[in-house]
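Dear colleague,

Please find the structure below, together with its sequence.

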Amino acid sequence: MTGRGQDDGERTSQLHATTLARPVIRASWEGGSLTAPMPDAKVCVIGRGHDADVVIDHTTVSRRHAVLHREGGNLFVEDLGSANGTTFRGKPVAPGDRVAVGWSEPILLGAAMLVVLPGGTPAATANEKTPPVDPRRTAMDGVARLVSLVAPTDMSVLLLGETGAGKGFFARQIHESSKRATAPWLHINCAALPENLLESELFGYERGAFSGAAQAKPGLLENASGGTVFLDEIGEMPPGIQAKLLLAIERREVTRLGALKARGFNVRFISATNRDLDGSPTNAFRADLYFRLAGLPITIPPLRERLDELPYLVGRLLADAATKVGRAEPAISAGAMQAIRAYPWPGNVRELATVLERALLWCGDTITEEHVVTGPAGRHRAHKPPSDPPPSQVATPAVPVAAASQARRPLAQEVEELERRQIIDALEACGGNQSRAAEMLGIARRTLISRMISFGLPRPRKG
């Protein structure tokens, strides 16, 4: 059975019934992907040559690159003396050696990522049993392994998972572990910008392209050339922008609004969504764009499936929160940790951070169970601390009085700081264009300028 990445979108639906009956090979690389049922034979040759059983049409893959062996319920990979090598679990596979691999474990053939998925029906899996695994042990181990494998490549990555699970954290980790780490990092929230503004920001515009375009402006994809673009909430991108983004990714060039000539760019795309982009035939997200962005899909498990990670997360989030408010990091009691472990965390890591920040305001030198207020109770008691801490816990000796007073800033000061931060973020997202920043913030341009002056923010120069 052979297949090519450019035909993957059409072939996936045609192969659906076949792949349910036997294992499936999935391969992804920069600019393409492949889904094909594994041949019934016990030996499957993978390579770029037309005589291979599964064809991966990529320059880093040799004509006969590697072979997969099925022996009983076990799977092995063997390198056939390829030019760019075969890598498994971060280690090169020596030519001629057979290395045991697990179902769904990634194998790197040159710059192409390959996984073998077990068959989808009880009959298919009866003869090839997958050994039982402990999800608590492997949930984040699998994510970390995929991140470490894909980070050094230029492959597009799609991060999937519930809201607040940490998709943004892993996107940044992939960028900082890549060869583009010192190049621009661009975070675009596709749900935060209206369609017309998102288009002009992504692709740029020429002078006179629309009312108010007094001068040409390069798009964000041009400005980020050489770096990484993180498309957050990609599932919320309007259909019209999806079509233009697909064309830009395929050609690696953009045409500014009002321009006649295309301009090249070189970025790596990392996307994130909490939606199932390919699970429904009525989904509005383009299948061809999905295959371009989902070079390697990585699912981030929800926090309720990562209980063994809680002590590390609590320690890190608590240290960050204590630093922000200018106080010493408190201890956390066994009862508090037990309450944290017992809660299902529907808001995931983001909710955990909020609960710990709230507890930090109420506690003394130790966070106890009563300080861990979660769910609806957290809203009902937002203005009523659980109880006043004992006098001995009111002030921590290691914290100076000045720092303690700074930790309780007036509400007006907190609101001003939030407003100032939002204005700065809007100006950065709009490339300094005050009219579009005001539109994004939902205020008049004159009001924006007045607030910038009051906050001492410099106005971008024209020209």
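**Pocket and helix packing**

The second largest pocket holds about 810 Å³ of space. This is a predicted model, in which local features need pLDDT of at least 70 and side-chain atom pairs count only at pLDDT 80 or more, while totals for chains, interfaces and linings use all residues. Residues are numbered from 1 along each chain as its sequence is written, and side-chain values use heavy atoms, with hydrogens and water left out.

A pocket here is an open set of points on a 1 Å grid over the protein atoms alone, where a 1.4 Å probe fits, with protein on both sides within 12 Å along at least five of seven lines; lining residues have an atom within 4 Å of a point. Its volume is the space filled by probe spheres set on the points, which are joined across faces, edges and corners.

The lining of this second largest pocket comprises 31 residues, with Ala165, Gly166, Lys167, Phe169 and Phe170 nearest its centre. Two or more lining residues come from each of α4 (135-150), α5 (167-176), β13 (185-189), β16 (228-232), α10 (310-325) and α12 (348-362). Helices (H or I, at least four residues) and strands (E, at least two) are DSSP runs, numbered from the N terminus. The lining divides into 12 nonpolar, 6 polar and 13 charged residues, where Ala, Val, Leu, Ile, Met, Phe, Trp, Tyr, Cys and Pro count as nonpolar, Asp, Glu, Lys and Arg as charged, and the others, Gly among them, as polar.

Helix α10 also packs on helix α11 (residues 334-342), at an angle of about 115° and with the axes 11 Å apart. Axes are lines fitted to C-alpha atoms, for helices over the stretch in contact, and angles run from 0 to 180 degrees between N-to-C directions. α10 and α11 are therefore roughly perpendicular to each other (65 to 115 degrees; under 35 counts as roughly parallel, over 145 as roughly antiparallel and the rest as oblique). Leu310, Pro311 and Val314 of α10 meet Met337, Ile340 and Arg341 of α11, contact meaning heavy atoms within 4.5 Å. These contact residues are 5 nonpolar, no polar and 1 charged.

Glu195, Leu198, Glu199, Leu202 and Phe203 of α6 touch Gly240, Ile241, Lys244, Leu245 and Ala248 of α8.

Asn196, Leu197, Ser200 and Glu201 of α6 contact Arg436, Glu439 and Met440 of α17.
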